[in-house]
Amino acid sequence: MTKWVYSFGGSHNEGRAEMRNLLGGKGANLAEMAAIGLPVPPGFTITTEVCSAFYDNDRNYPADLKAQVDEALARVEAAMGLKFGDPSAPLLVSVRSGARVSMPGMMDTVLNLGLNEKTVEGLVKSSGDERFAWDSYRRFIQMYASVVMDVAHHRFEDILEDAKRALGVFDDTEITADAWRGIVKSYLNVVQKETGRPFPHEPQDQLWGAIGAVFGSWMNPRANTYRKLHDIPASWGTAVNVQSMVFGNMGNDCATGVCFTRDPSTGENIFYGEYLVNAQGEDVVAGIRTPQPMSALKATPEQSPMETVLPEAYQELCRVRELLEKHYRDMQDIEFTVQSNRLYMLQTRSGKRTAAAALKIAIDMAAEGLITKEEAIQRVPPASLDQLLHPTLDPKAERRQIARGLPASPGAATGIIAFSAEDVEDLAAKGEDVILVRIETSPEDVHGMHAARGVLTTRGGMTSHAAVVARGMGRVCVAGAGSIHVDYKAQTLTAGRETLKAGDWVTLDGGTGAVYSGKVPTIPPTLSGDFSTLMGWADSVRRLKVRTNAETPEDAETARRFGAEGIGLCRTEHMFFGPDRIGHVRQMIMSTEQDERARAIDALLPFQRDDFTQLFRIMAGLPVTVRLLDPPLHEFLPHGEHELEEVAKAMGKNVETLRARRSALSEANPMLGHRGCRLGISYPEIYNMQARAIIEAAIAVSKETGNAIVPEIMIPLVGVKTELERTRAAAEATVQAVFKEKGVTLEYLIGTMIELPRAAITAGQIAEVADFFSFGTNDLTQTTLGLSRDDAGSFLPHYVDTGLLPKDPFVSIDKEGVGGLVRLGAEGGRKTKPGLKLGVCGEHGGDPDSISFFESVGLDYVSCSPFRVPVARLAAAQAVLKQRQKQPV
Ligand code: PEP
Ligand code: MG
């Protein structure tokens, strides 16, 4: 016989915390509290298996359920010395849902179940309080009818308000027993009218009605949506908890409250929460009366803290608080009721908390010896560190949202609108806070993005230029806000009915993707010593190294401060846009003659050498991977007429010739066009110049600092071994030439990015000519899924919203598809060269879920934008611990 029902709290306590899957979170924890001797009103849990059986069997209960419920109910009656439905002294119960994880959208609670016209008189007798009894009855009708019978809540509120008006009273507490009788009658009439059925009078009918409503709510649309959003399988089911009632509303020695064993927003070790005297649970939530604080320490003179109002129950609760924390070894969120000065526990669960609180609680609990360092590491969600490293919106500030885009780079920023990089720079130079608003950004805008507080684009996804570059710089970015229309000519942006002009204030929340009109104040981040403690613990556990994607000295320095162990990707093209360089770059591209191109390239050499020198200095001997030129040439073309004229003048050519050259160079599909190593093959001079600049800089910094610099030269977008073979040979020839000129040599590596499916599949061959691989998972995602990095924003969110894809694959690696290719590439490469160094430098290198996957593949390092370095350090440590837990001891 299957056991469908588990008793708790009385003489029979059959559950435990670890039976959460069967009993749901609430039921398992009620049993656990009872097991450790806490005062839990007796009751029973109908298991989640009943829910599954109910749906598997066309919404019918298992045949023996009724008998098991009867038996459990009889035990509760015995424990309470009361009988369900007894007109002289009735047992009343609450009925609540309780899935494995707490789930909004499900039927929540029905209190005071078991009341009818006869038993209410019994309650009058047993409580000695007629007012209380009739108030309890009307509360029950109201709750039951609205959650079980679907009668709109306001129907009851209206009756109550009318009655109060007629009686000339303002507060429910002023309503007399007689008046409640009248209100109950009206409530019963409303139910009959609205549903065409009488309100159930039989306590047994009430009970089964409420149980049915809990199971029914498991499949209601709100619960279904919530489950989809949070990856909760429908097969888990919910449990139902039936528990004897205790009353917090039976007088001034009664109360009810909700609290946390520590402050959930700061993590401070104080008893935090609210309670109400003479109230039932829903009064605290309803917000009609103002709840009061728990501890006298935190109370203002006008407040009545529980510590002074109900001192005995408060002391008992303090004992419970300590016991629960010791027992569960985590901060708890608890619900309690005090009836006639006696404390009863109604719920405990691990408490939700802010990032700051999670950090402080983890470190404090480890220091208190409650948890181990490894557990502390696992208690802080890595992505939540974003909240600690960036400014956030002042939660108290008013705000008006006008649009929503992708949360491309975290933090909050407010500033005046400018529509071009140049305008941003001018305004920022005058000390203004500026937000750059563009349809999309290109490398030309990088200087404006740098000068801006934040960047807003209306097109593009999570690995679009704006997203990647802003994240790298630590600038706030909302990308792909498609409902905003930008008009560069009119210098306006329009979102719905709202139009904002250049110079108007706008505010971005890069953590949520929200765009607000006007100025919303922000709060700067503060980092406590706990942060570096946690990072230190994470470092002692993790195996993956964490490098950064950086090309400016500023970003490299930021990354070092955050603990980066080298540079995994220096995108050299970002160095080409400085005002002193772009002219030479354009001449290089537009020239048709080799000697003309050579002149332009020669002019670039000192700039590049300088750039690399600075990076090598900052990284002080840590590995630095420099990627040779990668982006499609069209990104550098002189777009405007004025720019075209400038280049023509510098080259001594006429504008017409250059216009023709420009159109010859433009491509229909540049991301699949003349880019990556294909550039190095067409224009070997460019790669040779870059290789020379890298080696000259490395020799200089090695000499200057005494650090042995081992530069890593990386060739992008290789699909065929021969491409790497040819570009590598050219780079090596340059390197050898420099060695000869300088009369010194140094160790260096030449490797490639694996960012095309063909490269992953033929990695074994490519490894023959590569010293290392770095997986470029941005392009690999784009090419594997055939999804444009820049345009997918117009439909990809819909894919995720409707469950076609579990997550945006540009944010979190598609483990089976793209991840499968990474695994294949790693295995292929290491088969050829067992010690081959493997890294990843796509945006996934900073995503906790993806990092856990890369740990399982056995990569050597991840590389991510500077502000994500701490996130990656923590995620890498958690990945090791997770892996350990999976392995049998
Ligand atoms: C990649 O493709 O993953 C990568 C890191 O290169 P980029 O984003 O510059 O194309
Ligand atoms: Mg790439």
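Helices (H or I, at least four residues) and strands (E, at least two) are DSSP runs, numbered from the N terminus. The model is predicted, with local features requiring pLDDT of at least 70 and side-chain atom pairs pLDDT 80 or more, whereas totals for chains, interfaces and linings use all residues. Residues are numbered from 1 along each chain as its sequence is written, and side-chain values use heavy atoms, with hydrogens and water left out.

**Exercise 1.** Determine which element gives the most to the shell around ligand 1.

*Solution.* 
1. The shell holds 14 residues, a residue being near when one of its heavy atoms lies within 4 Å.
2. With three residues, α30 gives the most.

**Exercise 2.** Identify the polar side-chain and backbone atoms that lie beside oxygen atoms of ligand 1.

*Solution.* 
1. Polar contacts are pairs of N or O atoms within 3.5 Å.
2. Arg571 places a polar side-chain atom 2.7 Å from a ligand oxygen.
3. For Asp779, a backbone N or O atom lies at 2.9 Å, and for Gly776 a polar backbone atom is at 3.3 Å.
4. The protein covers 96% of the 290 Å² of accessible area that ligand 1 has on its own (Shrake-Rupley method, 1.4 Å probe).

**Exercise 3.** Locate the protein donors of the magnesium ion (ligand 2).

*Solution.* 
1. Donors are N, O and S atoms within 2.8 Å of the metal (3.2 Å for Na, K and Ca); water is not among the atoms, so sites may look incomplete.
2. Glu755 (OE) and Asp779 (OD) qualify, at 2.0 to 2.2 Å.
3. Glu755 belongs to the loop between β30 (749–754) and α28 (757–761), and Asp779 to helix α30 (residues 777–785), 24 residues apart.

Definitions and conventions: Chains lettered and ligands numbered in written order. Polar contact = N/O pair within 3.5 Å; in protein donor to acceptor, adjacent residues only side chain to side chain.
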